[in-house]
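Me: Hi! Could you walk me through a structure and its helices?

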Amino acid sequence: MRCLPPERGWYNLLCTPEQRRRATTVEKEAPISQRAPRLVDPTTGIAVSEAPGASGSAQWEVEEEALEETAAGAGWSLLGVRLPFSLARLRPGRGLTVRRFSVMEAALLLMLGILASKGLGVLRQALFNALFGTGPEANAYYAAYRLPDTLFNLVAGGALTQAFIPVFVAYQRRGDQREAWYLASLVFNVLLVALTILLLLGCLLTPAFVVHILVPGYPPAEQELTIRLTRIMLIQPLLLGLGTIVTAILSSREQFLLPALATAVYNVGLIAGLLVALVVPGVGIYGPTLGVLLAAALQIVVQLPALWQQGVRYVFAWNLRYPGLREVMALFIPSMLAVAVAYVSSILETTVTSFLPDLASLAALHNAYMLFYLPVSLIAQAIGQAALPRMARLELEGRYGRLRRLFGQVIGSSLVLSVLSALALGGLGLFVIDLLFRHGAFDDHSAWLTNLALFGYVVGLPGVCVGDVVARSFYALKDARTPLLTNVFALLTRVALMVGLFVWLSGEQQILAVSLSLSGSASAEALLLCLVLWWRLRQREQRGQAQEPAR
C-alpha cells in the first residue's frame, strides 16, 4: 500500500511506523514539483492539488489512488468476496455532501437511501391500500402510471445515465472542466426539448393507447379514469428527466449522499398526496396522482446544494454536432432501445393481466412486485450505480486486471445477497403482506393473491439482480449493443413462457404466468450476459498483454 507522510491524512494509520518514516524521507528529498499534494480534505483524508494550474486529471488520479488504498486497507469480506470499505469515511462532518466514496461505501449509502425510500414506500402503499384497496380507482391509478413511467425510463432513466456517465467521466479525466460542463448543459437542453415534445404527443395519443393497448379489458368508466390520470402523470417524466442529469453528474464524481437522499425524499411527495386525499373530501384518487408530481420536484430540489458546490456552469447551448453529444447518443440509442424492449414486456404484462379472471390481479401484481423489487433495488441498483463510474474510469485507463477484479466483487456480492434475500422473502412473504398491507379494503383474498404472485417473482430474484449488475458493466465498457440483444432475447423468452403458462394454468393460478415468466426470462438473460462478459474481458486482457512488450 502506498503511504504518505504522517501529516497527510488519518488514513496513514493503516501504515506501519517504518513505512511512514520512509515516506517522510522520500517526501523531503523529492523536488518540489514531484512532491505529493500537500492539501488534505480534513473530512475525507483525501489529498487534493494545491499547485496553480494543476490539471483536473492529475488531481483526480491522486484522489482516486488514496481513496482506493484507504478502502482496500479497511475492507471487509463477504463469503470470500473482498469488499473495499471504511465506516470512518461515512461519519458526518464538513463536506459530507460532496465527499467521494469507494464503490462499496457508495453502495451502502445508496442501499440506505433505497431502504429509507422503500420503508416510506411501504407506509405509502399501506395508506393507499387502506384508502383504495384493489378496487377500480386503484387499478386505474396503477395502469395510468405505466405510460409516464415507460417514457421516463425510455428517454431519461437508466438509459441516459448509463450513456452519459462514461462520456462525462472521460471529459473530466482530460482536465477540461469547461468542456465537461458544456457537455452536461448540452445534454440537459436536448433532454428538455425531447421530453416536452413527448409530453405533448403523449397527451394527444393517451386515449387510443389506453383503450386499445394498455387496458382493453377494462370497463369504459375505468378506461376514462385511466386516461385522465395518465395525462396528469405525464408531467412527471419531464421533472424526473431533468433531475436525472443532476444525479448523473454527482454520481460520475462518486458523490452519492444526496442522490441517495433524493431516493428517499421521492416517497415523501407521494405520501403528501395521499394525506390530501385522506383529509380533503372529494379529492379521491387525484390526491396520490398529484403527489407523483410533487415527489418528482422534491427529488430535484434536494440534490441542488451538492451540484452548486461542484461549481456547476450552465450554458444555453444547442449543438447537435458536438463530439461529446455524439458519443452520448451512440451509447444512448441502443440503451434506450434496450429499455424500450424491457417496457414492451411490462405493457404486455398489463395487457395479459386485464384478461385474468380475477379482477384484483393487477393490484395484486403491483403489491407483489413492490415487495420483490425491494431487494432488487437494494442489491442490484445500488451496487450497479455505485460501480458504474469506477468501472468506466478503469476501462478508460485500460486497467483490465483491476476492472476484472471489480466485476468479480460486484457480481459475487450481488449473487450472494440476492440468494439470501430470495430465501427470506419466499419464507416470510405472507407474513410480510399481512403485516404491511392487510388493512381497510385490503382483505384476505387480496393478501392471498398477492402472495401467490410474489412466489413467482421470488424465483427469479438472483437472476434479476445479477443481470442488472452485469448489464451496467457492459455500459462501462461502452458497449450498449450487447444488453440490447440480450433484452430482445429476454422479451421473446418471456412471451413464450407467459403464453405457455397462461394456457397450462387455470383459474386464479393464472396470475403465476405473469410473475414466473419474468423470473425465467431474467435468469436466462443473466446467464447469457455473464458468459458474454467473461469472454469479452478475456479478449481485452489478452490484447493488453500482447501490447505490453511494445510499450
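Here is a short chat about some of the helices.

Reply: Happy to! Keep in mind that this is a predicted model.

Me: Let's start with α16. How far apart are its end C-alpha atoms?

Reply: They are 21 Å apart. Helix α16 covers residues 444-458, which is 15 residues, and at 1.5 Å a residue it should span 21 Å, so the two values agree.

Me: Which residue caps the N-terminal end of α16?

Reply: That's Asp 443. One of its side-chain oxygens lies 3.3 Å from the backbone nitrogen of His 445.

Me: And which residues in α16 are buried?

Reply: Among them are Ser 446, Ala 447, Leu 449, Leu 452, Tyr 457 and Val 458. Gly 456 is also buried.

Me: New topic! How do α14 and α15 cross?

Reply: Helix α14 (residues 361-397) and helix α15 (residues 400-437) have axes that come within 8 Å and cross at roughly 165°. An angle over 145 degrees counts as roughly antiparallel, so that is what α14 is to α15.

Me: What kinds of residues make up that contact, by class?

Reply: The contact of α14 with α15 has 20 nonpolar, five polar and three charged residues.

Me: Is that crossing left-handed or right-handed?

Reply: α14 passes α15 in a right-handed crossing.

Me: What about α4 and α14, at what angle do they pack?

Reply: Helix α4 (residues 136-144) packs with α14 at an angle of about 60°, and their axes are 9 Å apart. That angle makes α4 oblique to α14.

Me: And is the crossing of α4 and α14 left-handed or right-handed?

Reply: That crossing is left-handed.

How values were computed: Residues are numbered from 1 along each chain as its sequence is written. This is a predicted model: local features need pLDDT of at least 70, side-chain atom pairs count only at pLDDT 80 or more; totals for chains, interfaces and linings use all residues. Side-chain values use heavy atoms; hydrogens and water are left out. Helices (H or I, at least four residues) and strands (E, at least two) are DSSP runs, numbered from the N terminus. The expected span of a helix is 1.5 Å times one less than its number of residues. Buried means under 20% relative accessible area, exposed over 50%, partly exposed in between (1.4 Å probe, protein chains only). A polar contact is a pair of N or O atoms within 3.5 Å; within protein, one must be able to donate a hydrogen and the other to accept it, and residues adjacent in sequence count only if both atoms are side-chain atoms. Axes are lines fitted to C-alpha atoms, for helices over the stretch in contact, and angles run from 0 to 180 degrees between N-to-C directions. Angles under 35 degrees count as roughly parallel, over 145 as roughly antiparallel, 65 to 115 as roughly perpendicular and the rest as oblique. A crossing is left-handed if the near helix is turned anticlockwise from the far one by less than a right angle, and right-handed if clockwise. Ala, Val, Leu, Ile, Met, Phe, Trp, Tyr, Cys and Pro count as nonpolar, Asp, Glu, Lys and Arg as charged, and the others, Gly among them, as polar.
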